Amino acid sequence: MGKIADRLNELGLTLPAAPKPVAAYIPAVHYGNLLFVSGQLPLKDGQLLSTGKVGEVVSIEDAYAAARQCTLNALSVAQDVLGDLDRIDRIIRVGGFVQSANGFSDQPKVINGASELLGEIFGEKGRHARAAVGVNELPLNASVEVEFVIGVAD
Amino acid sequence: MGKIADRLNELGLTLPAAPKPVAAYIPAVHYGNLLFVSGQLPLKDGQLLSTGKVGEVVSIEDAYAAARQCTLNALSVAQDVLGDLDRIDRIIRVGGFVQSANGFSDQPKVINGASELLGEIFGEKGRHARAAVGVNELPLNASVEVEFVIGVAD
Amino acid sequence: MGKIADRLNELGLTLPAAPKPVAAYIPAVHYGNLLFVSGQLPLKDGQLLSTGKVGEVVSIEDAYAAARQCTLNALSVAQDVLGDLDRIDRIIRVGGFVQSANGFSDQPKVINGASELLGEIFGEKGRHARAAVGVNELPLNASVEVEFVIGVAD
């Protein structure tokens, strides 16, 4: 079994089935040594873990869990495309969008749900650049959407 | 004539003149085998096809048409920079921003205006990763803004 | 001294100490010939230059200055990672997020604070692709956040 697969086991994590895109695009594109993973929603077993605005109807804790789920979904997509997560050389960039109530400015604490999980799983290779912002609306009323740029070894 | 130029003809599509940026930047940067195209607004003959918030004053259908126009503008930019659209090896990533009324969460249906057109024109090479989100405001009050990362053959 | 360091001197600019990320990620990732710089806030001496919504409590002029500060912070990060700003081959992409009051659609004028500074410092190499959008909220209530993709010479 691969090293990252082992590490997921150690952490008690199981990758979900890779979610299908909700429209006319594909889950990820591998071009050169870069893998661009589409914006992931916090879908789990076909349901969104969290809907609505963070800071109003959704707590930071629940939104953190949602960002973590987006990341598991992205890794499932990466596994589908790459065949083996050990081919991941580096997590390069995380782009996090948080559906934010008026006055909510703790987007970094929410997107830490993605960043901290990547650190747990990938260690040094999981250390990434990031942009986290608030938005007023997201697809399917999801509370969080996260996209990824990943470096792939030759 | 190039293959993609032929395909545009078949589809009855004519590329507009490449829109000028609305500020101190350039329409696209070609670096290595990647072409980054600036966020495109739905300008047609110098006018925005669609302004205001989708789900309030703008229908999904009109916003879909706007996203399609952003994509035609981006291809016009790509043609200007690359000289020939046949040099496009892959559409890698589409980033779509939809000016969204409170409660509007059908951003994917809007940005499909970009994604479906890319599929029609480029076939397999047009299959891309995507992030689509809602925002409360966009430049010039445009309803949609779309940016692109494109893979270019050597 | 490097050419870009000279140019900063000529312009009377001093790079700040590179700001620490506000959460579980790192300031930039250098992968292949690309440097992805995390979303920068307009921090100066540990304080945000500008908070709140542009078009309401913040003027375009103040937000422009904030976008400029984000850019200085990004260059400080780049210097830390690359050792020498002369290794910057091209500014490829600027992604600008403006915390926008309802009805504010002059995001391009705000993000020009980043774009024009890059032109002043880097000349031709500073000409970049860009996406500028409005959002309803940003981390720490910052008025502006700007991220960067930079091309690095081998």
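**Close-up views of a predicted model**

**View 1. Leu35(C) and the residues around it.** Not counting residues up to four places away in sequence, Leu35(C) touches Ala28(C), His30(C), Ala78(C), Val81(C), Leu82(C), Ile150(C) and Val152(C). You will find Leu35(C) in strand β2 of chain C. Is this residue, Leu35(C), buried or exposed? Leu35(C) counts as buried because it has 25 C-beta neighbours inside 10 Å, and the cut-off for that label is 20 or more. For a sense of distance, look for Asp86(C): Leu35(C) and Asp86(C) are 51 residues apart in sequence, and their C-alpha atoms are 14 Å apart in space. Please keep in mind, here and in every view below, that this is a predicted model. Its scores are ipTM 0.95 and pTM 0.96.

**View 2. The open sheet of chain C.** Five strands make up this open sheet, and you can trace them in the order β1-β2-β7-β5-β6 (chain C). The pairing in the sheet is mixed. Which strands are at the edges? They are β1 (28-31) and β6 (129-135) of chain C, each of which pairs on one side only. From one strand to the next, the twist averages 10°. Helix α2 (residues 60-82) of chain C packs on the sheet, where it touches β1, β2, β5 (88-99) and β7 (144-152) of chain C. The direction of this helix makes about 40° with that of β7(C).

**View 3. Strand β5(A) and its two partners.** Let us turn to chain A, where β5(A) is mostly covered, with eleven of its twelve residues buried. How many bridges join β5(A) to β7(A)? There are nine, and these two strands run antiparallel. One place to look is Ile88(A), which stands opposite Val152(A) in β7(A). With strand β6 (residues 129-135) of chain A, β5(A) pairs in the parallel sense over seven bridges. There, Arg93(A) stands opposite Ala129(A) in β6(A).

**View 4. Helix α3 of chain A and its bend.** This helix, α3 (residues 107-122) of chain A, has 16 residues. From its first C-alpha to its last it reaches 23 Å, close to the 22 Å expected at 1.5 Å a residue. Where does α3(A) bend? Look at Gly113(A), where the bend is about 35°. The helix α3(A) is mostly covered, as 13 of its 16 residues are buried. As for confidence, chain A averages a pLDDT of 94, and 100% of the residues score at least 70.

**View 5. Where the chains meet.** In the contact between chain A and chain B, 24 residues of chain A touch 27 residues of chain B. On the side of chain A that touches chain B, the elements giving two or more residues are β1 (28-31), β2 (34-40), β5 (88-99) and β7 (144-152) of chain A. The largest share of that side, four residues, comes from β2(A). Now find the contact between chain C and chain A, which takes 24 residues from chain C and 27 residues from chain A. On the side of chain C that touches chain A, two or more residues come from each of β1, β2, β5 and β7 of chain C. β2(C) gives the most to that side, with four residues.

Note on methods:
Residues numbered from 1 in each chain as written. Chains lettered and ligands numbered in written order. Predicted model: local features only at pLDDT ≥ 70, side-chain atom pairs only at ≥ 80, totals over all residues. Pairing = 2+ DSSP bridges. Axes fitted to C-alpha atoms, helices over the stretch in contact; angles between N-to-C directions. Contact = placed C-beta atoms within 7 Å. pLDDT = per-residue confidence, 0-100. Expected span 1.5 Å × (residues − 1). Bend = angle between axes of the 7 residues up to and from the residue.
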